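This report goes through a single protein model, starting with its sheet. The sequence and structure come first.

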Amino acid sequence: MRKELFIAHAKAKPFLKWAGGKTQLLEQMTAYFPPELSSKRITRYVEPFVGSGAMFFYVAQNYPAAEFFLLDVNKELVLAYQTIQQSVEAVICRLEHMRAEYVALPQEKKADQFYAVRDEFNRSRSAIDFDRYQTEWIERTAQIVFLNRTCFNGLFRVNARGDFNVPFGGYKNPQIANAENLRAVSRILQGAKIQCADFEGCERNVHDATFVYFDPPYRPISPTASFTSYARFEFGDKEQKRLAHFYRTLDERGAKLMLSNSDPQNENPDDHFFEALYKGFNIKRVRASRMINCDATKRGKINELLIMNYQTGYSQQGMNDS
Ligand SMILES: C[S@@+](CC[C@H](N)C(=O)[O-])C[C@H]1O[C@@H](n2cnc3c(N)ncnc32)[C@H](O)[C@@H]1O
């Protein structure tokens, strides 16, 4: 009976394109999950850098018994999650309206609609109460999804003033309103607590039966790379060290921990930054395609680090164990 219900619903997947999205790495990464997740000895899942939530959606739909705590410091992203959790039909209605308007326009006029939505999104920010649900969140969430689907490369980037500043993407048929997925996302979110907070804010949610997956902004692969600027929050080496310290705190609490990051050795084989920070933990490397890079010649296969505080006993050809 339970299985039939499960199959009848569409699978929820990320509703935003997001820098560092983990969809393409999921299969490799799940092989490194703690065995206690399958045996249900883990009852709680915490993701302090949730982004578009590819890992969360996977875990929530394959390990349905757990409680879920999601955090991200990006308040626009968290607003979108909370609105889809509470008012998905209203968001779909607005998005379908925006989509109908977009498809009806000749190609050369589509940019006008994009820039009008972008201007309105930036102009209305000061009137939004990000801490308490209000009906204005519905329009804002529809704008976030619309901009994410129609902007260049599906990025979410704001400037120093907090204005969304990604240009128009010019795509012919962007999928603006995926109602079925939004409903599936809303359903899955009913069992989750979503909070706008710095990663250390999850500490009170973590106990010894918790699995925490950390996907922090990447450490820049070269001094010029700037893809760690997801919002106005820089995540430099100082922040990576603060995170490593926090990782040790949660390790002492007995939680199971998995952290991913780009491998600095892709660029410089002598860079042992993460080996030093996470000395004593289980460090593995998996192959990833780096999709979001401003320099097309730098898109390709690179290693991604996985750092666990438990043994997995998993080994696969092409992966080098540290
Ligand atoms: C690599 S992305 C996460 C990608 C995500 N796992 C996915 O599958 O799309 C990193 C996220 O960390 C968030 N972030 C940056 N600094 C943070 C902080 N100090 N505390 C919590 N979240 C932070 C960013 O807003 C961004 O959404």
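## The sheet

Strands β2 and β3 pair in the parallel sense over 5 bridges; two strands pair if DSSP finds at least two bridges between them. Phe-69 has Lys-193, in β3, as its bridge partner. The model is predicted: local features need pLDDT of at least 70, side-chain atom pairs count only at pLDDT 80 or more, and totals for chains, interfaces and linings use all residues. Residues are numbered from 1 along each chain as its sequence is written.

An open sheet of 7 strands runs in the order β3-β2-β1-β4-β5-β7-β6, with mixed pairing. β3 and β6 (282-289) are the edge strands with a single partner each, so one side of each has no neighbour in the sheet. On average, neighbouring strands of this sheet are turned by 15° against each other, direction ignored, the axes being lines fitted to C-alpha atoms.

## Overall make-up and confidence

The protein has 10 helices and 7 strands. Helices (H or I, at least four residues) and strands (E, at least two) are DSSP runs, numbered from the N terminus. Of the 322 residues, 36% are buried, where buried means 20 or more other C-beta atoms within 10 Å of the residue's own, exposed 12 or fewer, and partly exposed in between, with C-beta atoms placed from the backbone.

The average pLDDT, the predictor's confidence in each residue from 0 to 100, is 88, and 86% of the residues score at least 70. Confidence is lowest in helix α1 (residues 2-8), at a mean of 47, and highest in strand β4 (residues 210-214), at 98. Two stretches stay under 50: residues 1-7, with 0 contacts beyond four places in sequence, and residues 224-232, with 21 such contacts. A contact requires C-beta atoms, placed from the backbone, within 7 Å.

## Helix α8

In helix α8 (residues 179-189), the buried residues are Leu-182, Ala-184, Val-185, Ser-186, Ile-188 and Leu-189. Their cover includes α4, α5 (75-104) and β3 (192-196).

## Around the ligand

The ligand has 23 residues around it, of which Gly-20, Phe-49, Gly-51, Ser-52 and Asp-215 come nearest; a residue is near if its C-beta atom, placed from the backbone, lies within 6 Å. α4 (54-62) and β2 (67-72) each supply at least two residues of this shell.

## Gln-28

Gln-28 lies in helix α2 (residues 26-30). Gln-28 is partly exposed because 18 other C-beta atoms lie within 10 Å. Gln-28 and Ala-288 are 260 residues apart in sequence but 9.5 Å apart in space, C-alpha to C-alpha.

Conventions. Axes fitted to C-alpha atoms, helices over the stretch in contact; angles between N-to-C directions.
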